[in-house]
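Here is a short report on a protein model.

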Amino acid sequence: MTSGIPCTPLLHSSHPLLRPRVPTCVPAPQPRIPAPQPCVPASPPVSLHLSPASPPASLCPVPASLRPSHAPLHPLLHPCAPSLRPCAPAMHPCIPSCVPAPRPCIPESPPASPPASLHPLLHPCTPALCPCAPAMHPCIPASPPASLRPSPASLHPHLHPCIPICIPVPRPCTPASPPASLHPSPVSLNPLLCPLLHPCTPAMHPCIPSCIPVPQPCIPVPRSCIPASPPASLHASPASLHPGPASLHPLLRPLLHPCAPALHPAQQQQGPSGPLLSLATESRCRPARTLPPHLPCAHGRGFSSLGTPRCAFLTGSAAMAAGGTASPPSVPRHANRLVNEKSPYLLQHARNPVDWYPWGQEAFDKARKENKLIFLSVGYSTCHWCHVMEEESFKNKEIGDIMNKNFVCIKVDREERPDVDKVYMTFVQATSGGGGWPMSVWLTPDLKPFAGGTYFPPEDGLHRVGFRTVLLRIAEQWKENKDALLENSQKILEALLRRSEIRVRGQESPPPAKEVMATCFQQLSSSYDEEYGGFSESPKFPTPVNLNFLFTYWALHRTTPEGARALQMALHTLRMMAHGGIHDHIAQGFHRYSTDQHWHVPHFEKMLYDQGQLAAAYSRAFQLFKSESRTLPCLSPPPCPLVTSILQISGDRFFADVARDVLLYVSRDLSDQAGGFYSAEDADSYPTTASGEKREGAFCVWAAEEIRTLLPDPVEGATEGTTLGDVFMHHYGVKEAGNVSPVKDPHQELKGKNVLTVRCSPELTAARLGLEPGRLGALLREGRRRLAAARAQRPRPHLDTKMLAAWNGLMISGFAQAGVALAEQGYVSRAARAAAFLRRHLFQPTSGRLLRSCYRGGDDAVEQSTVPIQGFLEDYVFVIQALFDLYEASLEQGWLEWALQLQHTQDKLFWDPEGAAYFSSEAGDSSLLLRLKDDQDGAEPTPNSVAVTNLLRAASYSGHMEWVEKAGQILAAFSERLRKIPITLPEMARATAVFHHTLKQVVICGDPREEDTKEMLRCVHSVFSPNKALMLADGDSAGFLYRQLPFLASLERKDGKATAYVCSNFACSLPVTSPQELRGMLCP
């Protein structure tokens, strides 16, 4: 890396397909105020210059996928011209994707007037404009020149960053008129939603009907861009300028923009139909300390396959019973009704002065009887900003009194009730372009949303609206404009219903696999970070769904350069993640995501669903590596030469060691003694036992002096004076002053601390310190052991001991697949123990249905809610997948029988007989306004994506071909998205290939106790083949599998030996008894 701040990250706001092309750079005529550090490295390529013939000497390297077209552009928009100086060390104010600088961007000798092609108020670099807050976007000065004030007809308020109802735009250097190609036809989008969809980022145009939810929400601004007395012309614009007809009551416009950084502090502007309510939220990231301020608090499927945080059109899931009690409970003094709940998140709020209700009929009846609005707060127990909002607002007695007087307050654990969360997150995203947790939504008594946002600060700041003010204004509007709110909440609901529909249209068929796979590969390839791996710049997420797709793509294109690149992208990403700070090098496991491009500074929360998927991904990588040398001879034509070099670079045991690392962490820290798995560990903890305030990462970070004290031993054979601490600190990038950039630590929680990250290869570390390479491993292991012992003495983060069926399913798959790939029977046994836990505690034998959750109670006993929550689609899908994986690992037919039983139940509860595919929620719950279908893979794959492969596997094990038909109908329902933007559904794109290539039934006839049968099974397990279903024909004709597949009785052992058959489309290959022959047959 070159010194200084690279320009490349500033040119990339999200996936390349979701952003406009970067404007061509041209030299600027005016100098800028000098910055402490330049934003451009010393030696850039010529690709950013206006023409290759006239490049300035110093620009920074940019991947080819980010190179701009050579269209002319006004010099003031040039991000890298030598004559420009940034206003801040880490960013440049004129790059479309950058955050404007903390200092003004006023040229020393400004031009007489801004270019005619740009509206002056949209241009951040004209002399009259300056940033209104540190690290935020530019705005209007208190008294802008009259020449810069827009006429009502010249600027739409939603496009301006400094008016009360606008949404801030991270890329302010945009001409007033977007390209015509981005404008939809007047009838292509419901007019009610058009003015609500501006996402605050150029990743999509606000009115594109098929736009993808934006990975980067609005930048929250702690200070308003509006002076105390803004020009009157900024407060309104003619209705003709609005993106859609004026069908939305003006009262709702400001309510429905939770990303707006600030509003005029105390005035209500009179609109056409009544007073406008000034309301804003600060959409905060979790944590502000480690993330740029434009990211949401997000997890679960709040993350996209792009590897960036998003709040997509999250789906609903079944809710058969309320999580609360049916009648008013006995509430102890100073406690609210949540004290009777089991959810760790709800119990965290049980002593708030707010009169919280759980989601349920008691709260609904109270709202209707008293004609009160509902305030719905949704979060989860390890959410950083949920903790912040509780400390600031929900523990505040005065704010609590306002809430209790004016609202019925409901608290929901989004992990316990994803159905409720997804319905209202769909509303928040559609009306703000972003979302996250804590989610704050105001509902009418009939549960229809009309205002929402995420985190609110408790009090008004300088031109910033606080939670107290928001509560009072909404309460006032309910009294004065009730009819308008009710009418427009209904319109919004109707628009969301139309917008969220996914169904088969006409005689649509599944899209062709070749087209879908090729498009998805190209989209992933263009977003790939060549240096650090992953599929974004920052923040950076593990995205196992992307890696699984790339492994499948490689398996189907082994002999091509594209296949080699897919393999390289997947393995390099896995390697860089394991080296980075996102990987806990001391206590194992992976943190939620990295806040930077380098996988260095993480958000320190650890989620079970990440551990399960990453254990499987690293096991699969090892399986692929181990088997490739054996399978290469079967390839014709031979593989791309790059494949061999990739595998040589990747090493032998590396991926297996990381998989074991993850499973060790889960077995030790996330396992219940009854066999289930807990949900998560928090990011926050007390730095010491005497501390009074929690800090994020306190449990995981180190001061250099601590390490020196713990590792003082001199190292024999090393450079004179070298201690074990020197070796450890060099290898893991430890610095005396700390290795966390202040940019990632605005609250100085990590000042002087170090996040361990592997900076050198073992060979380089050994050479630098004069060590024999073979000695380094033992020294580092000893260092990690001592640090782990010291860390065990620190106060631990909060542990969420809720056990969810879906996430337990993902973890069972992780253990089962690792057991197969690493030949570790202990992992298979652990998976079986967890599956038995699910059947004992989260399954109702009489109804055949799954339950969503159970909890660790007193004396470590497993407890259930008073009214158990029924399982959702994701619970069925991930548990069925786990049972198939466990059957192939253990060959115990009981798991297979249970999987097929659950598949029948899933079909009955969730299948859409009219539009095809599965709903995420059951029918019949009147409290859910929408039945949705997830349409985007994220931190977890969307249930319909996994359901396709489950159905194909179920058909292979049962012979029920109607399941194959259902799989095709799901693909047809998502056909448009799979053809155009398959990167949003990489798991479903992968399933498309499995559907069209047909699963191979690999049948081993033999006695599982005999060595020849074991050898054939080891052969199958050693080969990565994405479209196989393994089964054992043990000769028991009365067994479950023989009853399901009568043709197995016709398959016999050859010459008394264990014999393999590969069958598909009702035909089987000739029998083979040699593992080598079988390996050749398994090559795709």
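## Helix α8

Helix α8 covers residues 482-499, 18 residues in total. The model itself is predicted.

Which residues of α8 are buried? They are A484, L485, N488, S489, I492, L493, A495 and L496. Viewed down the helix axis, these buried residues fall within an arc of 165 degrees, so they line one face of α8. D483 and R498 are on the other side of α8, and they are exposed.

## The chain as a whole

The protein chain has 1084 residues, and 64% of them count as buried. Its secondary structure comprises 29 helices and 25 strands. Take the contacts between residues at least 6 apart in sequence: 73% of them join residues at least 24 apart.

## Aromatic rings and charges

The count of aromatic pairs comes to 30. One of them joins W911 and Y918 in an edge-to-face arrangement. Their ring centres are 4.9 Å apart, with 75 degrees between the planes. The planes count as edge-to-face because the angle is over 60 degrees. Both W911 and Y918 are buried.

Ring pairs also build a cluster from W356, F375, F394, W442, F456 and F467. Charges meet rings as well. The charged end of R414 sits over the ring of W437, 4.1 Å from the ring centre. K933 lies over the face of F919, and here the distance to the ring centre is 4.8 Å.

Y957 belongs to helix α23, residues 943-958. Is Y957 buried or exposed? Its relative accessible area is 0%, so Y957 is buried; the cut-off for buried is under 20%.

Leaving out residues up to four places away in sequence, Y957 touches a set of residues that includes F884, Y887, L896, L900, M1031 and L1045. The side chain of Y957 joins that of E888 at 2.8 Å. The side chain of Y957 also reaches the backbone oxygen of L1030, at 2.8 Å. Y1042 is 85 residues away from Y957 along the chain, yet their C-alpha atoms are separated by 9.7 Å.

## The loop between α22 and α23

D937 sits in the loop between α22 (893-910) and α23. D937 counts as buried because its relative accessibility is 0%. Its side chain makes a polar contact of 3.0 Å with the side chain of S945.

A916 lies in the loop between α22 and α23. Its phi is near 70 degrees, a positive value in a residue other than glycine. A916 has 6% relative accessibility, so it counts as buried.

## Further backbone features

N1065 has a positive phi too, near 50 degrees, and is not a glycine. Its place is the loop between β24 (1059-1064) and β25 (1067-1068). At 58% relative accessibility, N1065 counts as exposed.

Where do cis peptide bonds occur? One joins W437 and P438, with omega about 5 degrees. P438 is in the loop between α6 (418-432) and β8 (439-443). Another runs from S538 to P539, with omega near -10 degrees. P539 falls in the loop between α9 (513-527) and α10 (544-556).

Definitions and conventions. Residues numbered from 1 in each chain as written. Predicted model: local features only at pLDDT ≥ 70, side-chain atom pairs only at ≥ 80, totals over all residues. Heavy atoms only, no water. Phe/Tyr/Trp six-rings, centres within 6.5 Å; stacked < 30°, edge-to-face > 60°. Buried < 20%, exposed > 50% of the residue type's maximum accessible area, 1.4 Å probe, protein only. Lys NZ or Arg CZ within 6 Å of the ring centre and 35° of its normal. Helix = DSSP H or I, 4+ residues; strand = E, 2+ residues; numbered from the N terminus. Contact = heavy atoms within 4.5 Å. Polar contact = N/O pair within 3.5 Å; in protein donor to acceptor, adjacent residues only side chain to side chain. Expected span 1.5 Å × (residues − 1). Arc of directions from axis to C-beta.
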